Amino acid sequence: MTSPLPHPVRVLVKGSSLVVMTPDWNGEPGAYTFPRWIQNGLHDRGRACEVINRGVTGELTRSAFDSWESEVMASAPDAVVYGYAYYECIHSLLPHWLERHVNTYNGRTGPLRTRYRGYLLRPVWKLLAQTQRVLDGRIRDRFFGRRKHRIIKDYELLIDRTRTLAPGSPLVFVLALFGPGGNAGTWFPGMQARIDAMNAGLVDMVERLGDPGVRLVPVRQLADQLDADEDPVPDGLHYSPRMRRIIGDWIAAEIDAAIPRPTPPPAG
């Protein structure tokens, strides 16, 4: 008789570039994103696991609802990791649709497309970005309060829907945000103030929910495990290889402790 396989823990990850991008393009083999380190961390603890990463670069928090039913509800995960509210803190003036149009990963080449991007779109975008750079230090989080309130409201609804409507009431992990480093701080001088405001909102949201099944991932505190000279976000925005491993392993440990190991079926 074939021995039964252990039942896997299923983890779903959704969010913006924090869950899909790395600063080390074409990096060393094994330099995974942190969702992959969740899977590795659970395997290291003897837990069968499958991780489904549905992150989308530049995805807004409100856009998570567009695919919620097909991705969260349909996959019936044991735990969901949300990495939202970061992209909204980057630009103070430039619209989301324009930034995604300029920096799309789905663009195609062609005589007209190449000329349009090279001679019109990129130069206009660079001029607008430089203008924003000058103004951003003055704007900071001055007009961010209403936007933050809307984002937190959407995030809270997303979490509540996940906990109450998704099969099995999966655990929910909310990724805290790490401020810009490197050149990102000079290109977006007001971003740190918006990150701080958003982090405060995320902490209040999780505390207000008062649900032990909803946990904040303490990214800033986890960065204390790095060496003093190691930058947790070497490109200014995305996590270093070791930082990604630390975050993934922390989440794996929390999942392992919270979800009971399945009882093997009786022999015979």
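Setting aside sequence neighbours within four places, Tyr82 touches Lys14, Trp68, Val72, Tyr155, Leu158, Ile159, Thr162, Val172, Phe173, Val174 and Leu175. Keep in mind that this is a predicted model.

Tyr82 also turns up among the residues with the most contacts inside the largest nonpolar core, along with Val11, Tyr155, Tyr239, Ile247 and Ile255. That core has 65 residues, and helix α7 (residues 191–209) gives the largest share, seven of them. Apart from it there's another core, this one of six residues, including Leu94, Val102, Trp125 and Ala129. As a general point, nonpolar side chains in soluble globular proteins tend to be buried together.

Now for the chain as a whole. What is it built from? Nine helices and five strands, which run β-α-β-α-β-α-α-α-β-α-α-β-α-α from the N terminus on. The radius of gyration is 20 Å, close to the 18 Å from the globule rule for 268 residues, so the chain is as compact as a globular protein of that length.

Here are some whole-chain values:

| Property of the chain | Value |
|---|---|
| Span of the C-alpha trace along its principal axes | about 70 × 45 × 40 Å |
| Residues that count as buried | 46% of 268 residues |

How much of the contact set links residues 24 or more positions apart? Among contacts with a separation of 6 or more, such pairs account for 79%. As for charge, the chain has 33 positive and 29 negative charges, and their mean positions are 8 Å apart.

How values were computed
Residues numbered from 1 in each chain as written. Predicted model: local features only at pLDDT ≥ 70, side-chain atom pairs only at ≥ 80, totals over all residues. Heavy atoms only, no water. Helix = DSSP H or I, 4+ residues; strand = E, 2+ residues; numbered from the N terminus. Rg over C-alpha atoms; globule rule 2.2 N^0.38 Å. Buried < 20%, exposed > 50% of the residue type's maximum accessible area, 1.4 Å probe, protein only. Contact = heavy atoms within 4.5 Å. Lys, Arg positive; Asp, Glu negative; His and termini not counted. Charge placed at Lys NZ, Arg CZ, Asp CG, Glu CD. Core = buried A, V, L, I, M, F, W, Y, C linked by side-chain atoms within 4.5 Å.
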